[in-house]
Amino acid sequence: MQFINDINNVVTLLLEVGTTATIAASQGCVDKSRRSGSRHTLEIYNKGTETVFFGGDDVTVESGIPIKAGELRTFPVNSERAIYLVAGADTAVVIAEYSV
């Protein structure tokens, strides 16, 4: 994997995804309580059994782009609200946020 910036901090967490759009970000990123710098790369690993779909805040299973079970996707991001996830049934993903 190639990064667009240096890495000073990595935050990983298990995120539950269901049938309504869920922001793919840690709480510290959303509420800007993380002081370590801005997030520049986001990885999403679909650890569940359901396909997860990504898109904007209006993503649905019909309009989203799929991340199948066992797949990993990497996104360059510059906003805590850049990527949202949704699934046809409850499932889990692991996200990693890389910050400068």
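Trainee: Does Thr91 count as buried or exposed, and at what relative accessibility?

Mentor: Keep in mind that this is a predicted model. A residue counts as buried under 20% relative accessible area. Thr91 has 5% relative accessibility, so Thr91 counts as buried. Thr91 lies in strand S8, which covers residues 91-99.

Trainee: Which residues is Thr91 in contact with, leaving aside its neighbours within four places in sequence?

Mentor: Thr91 is in contact with Leu15, Glu16, Val17, Asn46, Gly48, Thr49, Glu50 and Val52.

Trainee: Which residues of the largest nonpolar core touch the most other members?

Mentor: A nonpolar core is built from buried residues joined through side-chain atoms. The largest one here has 15 residues, and those touching the most other members are Leu42, Ile44, Ile83, Leu85 and Val93. At least two residues of this core come from each of strands S1 (9-17), S3 (39-46), S4 (52-55), S7 (84-87) and S8. There is also a second, separate core of six residues, with Ile23, Ala25, Val59 and Val86 among them.

Trainee: What is Ile44 in contact with beyond its neighbours within four places in sequence?

Mentor: The contacts of Ile44 include Ala24, Ile67, Phe75, Ile83, Leu85 and Val93.

Trainee: How many aromatic pairs does the count come to?

Mentor: Two rings pair if their centres lie within 6.5 Å, and planes over 60 degrees apart count as edge-to-face. By this rule there is one aromatic pair. The ring centres of Phe54 and Phe75 are 4.8 Å apart and the planes are at 70°, so this pair is edge-to-face. Phe54 belongs to strand S4 and Phe75 to strand S6 (residues 72-76), so the pair ties together parts 21 residues apart in sequence.

Trainee: Are Phe54 and Phe75 buried or exposed?

Mentor: Both are buried.

Definitions and conventions:
Residues are numbered from 1 along each chain as its sequence is written. This is a predicted model: local features need pLDDT of at least 70, side-chain atom pairs count only at pLDDT 80 or more; totals for chains, interfaces and linings use all residues. Side-chain values use heavy atoms; hydrogens and water are left out. Helices (H or I, at least four residues) and strands (E, at least two) are DSSP runs, numbered from the N terminus. Buried means under 20% relative accessible area, exposed over 50%, partly exposed in between (1.4 Å probe, protein chains only). Contact means heavy atoms within 4.5 Å. A nonpolar core is a set of buried Ala, Val, Leu, Ile, Met, Phe, Trp, Tyr and Cys residues joined through side-chain atoms within 4.5 Å. Rings of Phe, Tyr and Trp (its six-membered ring) pair if their centres lie within 6.5 Å; planes under 30 degrees apart count as stacked, over 60 as edge-to-face and the rest as tilted.
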